[in-house]
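I opened this notebook to record what I looked up in one protein model. The entries follow in the order in which I made them.

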Amino acid sequence: MKLIIVACLVAVALAAPQVDERFRSSLTVREENVNEGNGAFKYGFDTDQGISVDAEGTPGVEGQSNIAGSFRFPLGDGNVLEVTYVADENGYRPVTRFVSA
């Protein structure tokens, strides 16, 4: 009977989900958030996995917030994808580039 209990415990331990490091939760290492409430704002954050986001908004002429910002994150091949953008009365205009690691 003890052998069956031990075998069951071993089976449960081996069946526990394995965590793939690529998909673990990120830790925030920098965070900034300022909102003036009139369409002007600034936010940004960085993670321990190399993800970075920054954006700044200003009031637009049609009552919207115009936004200029960027984000970047590591790709599986060791490179980093970086996107800078502007979103305003003229639409969303991104510029993308790959950065070698």
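I noted the basis of the entries. The model is predicted: local features need pLDDT of at least 70, side-chain atom pairs count only at pLDDT 80 or more, and totals for chains, interfaces and linings use all residues. Residues are numbered from 1 along each chain as its sequence is written, and side-chain values use heavy atoms, with hydrogens and water left out.

I then listed the elements. The protein has one helix and six strands, in the order α-β-β-β-β-β-β from the N terminus. Helices (H or I, at least four residues) and strands (E, at least two) are DSSP runs, numbered from the N terminus.

Next I traced the sheet. The six strands form an open antiparallel sheet in the order β1-β2-β3-β4-β5-β6. Its edge strands are β1 and β6 (91-99), each pairing on one side only. Strands pair if DSSP finds at least two bridges between them.

I examined both ends. Seven bridges join β1 to the antiparallel β2 (residues 41-47), and T28 has T47 in β2 as its bridge partner. Five residues separate β1 and β2 in their hairpin, where G37 in the turn has a positive phi of about 80 degrees. Strand β5 (residues 80-88) and β6 pair over nine bridges, with V86 partnering R93 in β6.
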